[in-house]
Amino acid sequence: MNKKSNKEELKDLLERLNSGEEVQQVKEEARDLLNRISPKELSEAEQELIDDGLEETELRHLCEAHIEAMAEELEALKAEVPVGHPLNTLITEHDEILKILDRLEKVNNRIQKMKIYNSDNEIFTQLKDIAYNLLETENHHKREEEALFPEVDATGVTGPTRIMKMEHEDLWPRKEKVDYLANNIDSLDFDDLKKQLNDNTEYIVLTLRDHIFKENHILYPTAKEVIAEERWAEIKKDSDRIGYCSFTPKITKV
C-alpha cells in the first residue's frame with residue numbers, strides 16, 4: 001500500500017474533525033504531521049476540500065486543529081521580509097490591531113460595570129478613539145483583498161483568501177456598530193447601549209484575534225512561498241495606491 005502524502009493525511013484529519021469526531025484525539029494525531037507540513041501544503045489541502053464541496057463556513061473552523069503547531073512560523077517569516085515589504089507592513093499592522101482589541105476589551109469591561117451614563121467620564125472618549133481605529137483597519141483589509149489576495153489566487157491557492165474575505169465581511173458591520181454606539185451615546189438608552197456594545201465587542205475581539213492568527217501563521221507564509229519574488233514590487237505599488245492606516249508605523253510606508 002502506498003504511503004499517504006502529507007496533504008492526503010491532512011485532508012483526512014480535517015474531514016474527521018468536520019465529521020464530529022473527538023477534536024482532542026484528532027489534534028494529538030495531527031501534531032506530528034503539522035510539524036512537517038508547509039503552509040503551502042496546508043493551503044492546498046484546504047483548497048482541495050473546497051473543490052470537493054466542503055462549505056467555506058465549515059472550513060474556517062478547522063484551523064483550530066493546526067494553528068498550535070505553527071507558533072514559530074511568524075518569527076521565521078519576519079526574518080525573511082525587510083521593513084517596507086508588504087508582508088512586513090501587514091504583520092506590523094496586526095501587532096497594532098491586537099493592541100486596539102486589547103483596549104476595546106478593557107474599555108467595554110469598564111463600561112459594563114457602570115450603572116449610569118456620565119458624559120464627563122473619559123472612558124467614552126477612549127471608546128470613540130478605539131471605534132475610529134477599528135474603522136481604520138479597513139485600509140489594512142482593503143490592501144489584503146486588492147493587492148495581496150489576487151496574487152495568491154493567481155497561483156491556484158484560493159481557499160485561504162476566500163475564508164479571510166468572508167471574515168472581513170462579517171466584521172465590517174460590527175465595527176460600524178461600535179462606531180455608531182460610541183458617537184451616539186447621548187441619544188441611546190444606556191442599558192441597551194451596554195448590551196449592544198458588549199455583544200459586538202465580544203464578536204470583534206474573538207473573531208479578529210483568531211483571524212489575525214490565521215493570516216500570520218497560514219496565509220502570509222503561504223503567500224511568501226507561492227508568489228514569485230518579482231511580483232512583490234507590484235503588490236507594494238498597489239498597496240501604496242490603496243493607502244495605509246493611521247496607526248501604520250511610518251517606517252513601513254517607504
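Helices α7 and α10 (residues 232–242) are roughly antiparallel to each other, because their axes cross at roughly 160 degrees and an angle over 145 degrees counts as roughly antiparallel. These axes come within 9 Å, where an axis is a line fitted to C-alpha atoms over the stretch in contact and the angle, from 0 to 180 degrees, is taken between N-to-C directions. The helices themselves are DSSP runs of H or I with at least four residues, numbered from the N terminus. On the α7 side the contact (heavy atoms within 4.5 Å) is made by Lys142, Arg143, Glu146, Ala147, Leu148 and Glu151, and on the α10 side by Trp232, Ile235, Asp238, Ser239 and Ile242. The residues of this contact divide into five nonpolar, one polar and five charged, with Ala, Val, Leu, Ile, Met, Phe, Trp, Tyr, Cys and Pro counted as nonpolar, Asp, Glu, Lys and Arg as charged, and the others, Gly among them, as polar.

This is a predicted model, in which local features need pLDDT of at least 70 and side-chain atom pairs count only at pLDDT 80 or more, whereas totals for chains, interfaces and linings use all residues. Residues are numbered from 1 along each chain as its sequence is written, and side-chain values use heavy atoms, with hydrogens and water left out.

α7 also packs against helix α8 (residues 159–183), at an angle of about 160 degrees and with the axes 9 Å apart, which makes α7 roughly antiparallel to α8. The crossing of α7 and α8 is left-handed, and the residues of their contact divide into 11 nonpolar, five polar and nine charged.

Elsewhere, helix α6 (residues 86–112) and helix α9 (residues 190–226) pack at about 160 degrees with their axes 10 Å apart, and are therefore roughly antiparallel to each other. Their crossing is left-handed, and the contact of α6 with α9 comprises 15 nonpolar, six polar and six charged residues.

Key. Helices (H or I, at least four residues) and strands (E, at least two) are DSSP runs, numbered from the N terminus. Angles under 35 degrees count as roughly parallel, over 145 as roughly antiparallel, 65 to 115 as roughly perpendicular and the rest as oblique. A crossing is left-handed if the near helix is turned anticlockwise from the far one by less than a right angle, and right-handed if clockwise.
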